[in-house]
Every structure is written in C-alpha cells, then in structure tokens.
Amino acid sequence: MDDTQFEARIEAGESIEPKDWMPERYRKQLIRMMSQHAHSEVVGMLPEGNWITRAPSLRRKIGLLSKVQDEGGHGLYLYAATETLGVSRDELIEALLDGSAKYSAMFNYPTPSWADIGAIGWLIDGAAIVNQTMLTDCSYGPYKRAMIRICKEENAHQRQGYEIVTTLARGTETQRRMAQEAVDRWYWPALTLFGPHDADSKNSDELTRWGIKRKSNDELRQWFMNRVVPQAKAIGIEFPDPGLHYDETSGDWRHGPIDWDEFRRVLAGSGPCNRDRIEARRSAHEDGAWVREAAAAYEAKRRERAA
Ligand code: BYC
C-alpha cells in the first residue's frame, strides 16, 4: 500500500482501522487531534466539578455529577481510541502534564457562579456537538465510533445546560442577571472551540484531504451561530457581541470579530486558570499511582497463573 492507494480508500469512503496501513503523517495528525480531544474532556471536568458540592438542589447535583462522569468516560474512550495508533496512555498523559500537548483553551476560564454550569452546557457542549457530529463521519474507525457514542451524551448535556440557563433567565432579577453574566463569560470562548479562521488553520487542508475533518472551522462556527442565536432570543438572553447581525442574503447569523490575541495568550499559558488546571491533573495522576500499580500487579499475577 502507498499514499495513492491510501487516498483512494479515503476517496471511496472506506473506514481506516488500526491494523491498516496508513501514512505516518495521518497517524501523527490523529494522535495530535484525538489526544487533544481526550485531554479537553478530562480538563473540562474541572471547571464544572468545582460546583458538584454546591449545586443548588439534589436534582441539579445528580445532573451535574452525571455530566462530569460522562466527560471522564469520554476521556477514557478517546485515550483508548488514541492508543490504537501505537502510543501509550503514559506518553499521552505525560504530554498533557509537561505542556507539550494542548487541550481546549476555554477550560482555562473560571466558573464563579452556578449559572456558569448552565452556560457551559448550553454553549460549550452545544459547540462541541456541532464539531463532533461532523467527526462521526471521520475516516478513522475508532475515532468515528467513539464520536457516535459521545454525541448522544453531549446532546443531553447541551439540553441540561439550556434548561439551567432558561430557569435562571425566567427567575428573579438576580437570577436573570447571573444567567446573562455567565453567558457573557462563555459566548466568546465557545466560538473559539472551532479553532482559528480557515485562512489561519494550518492543519485543516491535510485533515480534510484525509477525511478526518468533513467541514471547515468557519463552516462549523457558522452552523453553531445559526442554532444558538434563536435559542438565546427565545429566553431573552443577549450575546455580548456588538457585531452580531442577521445576514439577509445568506440567511445566517454572523458574529463580530473574535479576539484571537486573547485566544493565543490563553493557549500560551496566560489564562486565569492554566496553572490550576494542570496542577489538578498532576495531583490526580499522582494520587492515582497506587491504582495503576495495583492493576499492573493484578495483571502480572493473572498472566503468571495462566502461563
Ligand atoms: N483550544 O490548524 P487548526 C468538550 C489549536 S471538549 C486549544 O485549525 P485543527 C467538553 C490547534 O490544536 C471537546 N487549541 O487545528 C468537555 C492547532 O495547534 P497544534 C473539544 C486549539 O486540528 C468538558 C492550532 O490551534 N473538542 O466537548 O485543524 C466539558 C491551529 O488550529 C483550539 C475537540 O477537541 C482550541 N479551541 O482544528 C464540556 C474536537 N482550536 O495542535 C465540553 C476535536 C485550535 O497544531 N478537535 N487549536 O499545535 C478538532 O475538531 C480540531 O482539532 C480543532 C482544531 C477544531 C479543535
């Protein structure tokens, strides 16, 4: 098999499986993107996990617990799917902890009020579904299958978030203000989830040629805008975007200019919570060392008995 035959398989819509031949660069790009995605899920548990002990009712606590648990599960599927490309879990975690692997920049912002939990579910999970629905058609089998399962759960997360924001928006004046302020904090980060504009996206051409991405960053961002603006209007919430307008010609809701300098600053480590997030992951990893050791010892014993 060579590059041309591989591309013919992609062209024919075939699924690429772990034992199939693949260009080294395809493998590398998938490891980068899938591991980043896995890291985003487990780092993304932190801003919300912060509210589990302070959820305003038992019903809200159960809903949030289940969402955060789902995110841990998504991390697990995605790490396992990435391992099918010949990289170990230890290497992936090491890259997160030493800063050489990225995770979604928006998880470096804080969640100062309960309303942030609603805004994250509605806007961040809402953006993630748009992005991940596209990935359910990705050319790499294990990633595609993980995405199909994850999207079902993300849908419930988005609905739960929208319901939290709706309840607050229809509550007292203080509650309505809390909802609006949380949306003010999460609207712009949600728009950056899709990555830089197409003209600045260095990986898109390659990922699209190989059927990993089926839509561009800007196309997905536009799809998200068209879904979310009517939802905001329905509950009387405003987006903090003076440039937001309806384009009569195309029938699209257009956002104003995104502050990419801010995005790059946060990505480079200067967001309000970068240090806390990595510190929390590092101590979780250290605290879990005994579990890994016990599991390895158990497996060694099992093999010894089977031999
Ligand atoms: N944050 O060439 P580009 C979730 C980087 S979490 C940080 O367009 P690509 C959830 C990008 O990596 C779900 N970095 O890249 C969890 C690249 O740098 P490198 C998160 C970003 O790969 C808990 C550079 O910018 N979803 O749902 O073509 C609670 C240039 O970008 C970001 C995924 O991870 C960003 N936002 O496209 C709630 C989906 N954007 O790596 C919810 C899977 C870009 O070359 N990933 N960069 O050094 C993807 O779909 C694509 O990788 C991206 C970027 C759209 C993110």
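Reader: I would like to start with one residue. Leaving aside neighbours within four places in sequence, which residues is N217 in contact with?

Author: A contact list shows what packs around a residue. In this predicted model, N217 is in contact with F194, G195, P196, D198, S201 and S204, once neighbours within four places in sequence are set aside.

Reader: Where is the place of N217 among the helices?

Author: N217 belongs to helix 9, which covers residues 217–234.

Reader: Is N217 buried or exposed?

Author: Relative accessible area answers that, and under 20% counts as buried. N217 has a relative accessible area of 5%, so it is buried.

Reader: Which polar contacts does the side chain of N217 make within the protein?

Author: Look for pairs of N or O atoms within 3.5 Å. A polar atom of the N217 side chain lies 3.0 Å from the backbone oxygen of P196. The N217 side chain also makes a polar contact of 2.7 Å with the side chain of K213.

Reader: What are the distances from oxygen atoms of the ligand to the side chains of N217 and K213?

Author: For N217, an N or O atom of the side chain is 2.9 Å from a ligand oxygen. For K213, the corresponding distance from a side-chain N or O atom to a ligand oxygen is 2.6 Å. The backbone takes part as well: a polar backbone atom of T192 is 3.0 Å from a nitrogen atom of the ligand. As for cover, the ligand taken alone exposes 1,000 Å², and the protein buries 94% of that.

Reader: Which residues around the ligand come nearest?

Author: There are 37 residues around the ligand, and R32, K102, S201, K202 and K213 come nearest. By class, the shell holds 14 nonpolar, 13 polar and ten charged residues.

Reader: Which helix supplies the largest share of that shell?

Author: Helix 2 does, with eight residues. Several helices each supply at least two residues, among them helix 3 (58–83), helix 6 (141–169) and helix 10 (260–270).

Reader: And the nonpolar core: which residues touch the most other members?

Author: The general idea is that nonpolar side chains tend to be buried together in soluble globular proteins. Here the largest nonpolar core has 82 residues, and Y26, W122, L123, Y140, Y143, F224 and F239 touch the most other members. Helix 5 gives the most to this core, twelve residues.

Reader: Take F239: which residues does F239 touch, not counting those up to four places away in sequence?

Author: On that count, F239 touches W122, L123, V183, Y187, V228, V229, A232 and L244.

Note on methods
Residues numbered from 1 in each chain as written. Predicted model: local features only at pLDDT ≥ 70, side-chain atom pairs only at ≥ 80, totals over all residues. Heavy atoms only, no water. Near = heavy atom within 4 Å. Polar contact = N/O pair within 3.5 Å; in protein donor to acceptor, adjacent residues only side chain to side chain. Areas by Shrake-Rupley, 256 points an atom, 1.4 Å probe, with all protein chains shown as cover. Helix = DSSP H or I, 4+ residues; strand = E, 2+ residues; numbered from the N terminus. Nonpolar A, V, L, I, M, F, W, Y, C, P; charged D, E, K, R; others polar. Core = buried A, V, L, I, M, F, W, Y, C linked by side-chain atoms within 4.5 Å. Buried < 20%, exposed > 50% of the residue type's maximum accessible area, 1.4 Å probe, protein only. Contact = heavy atoms within 4.5 Å.
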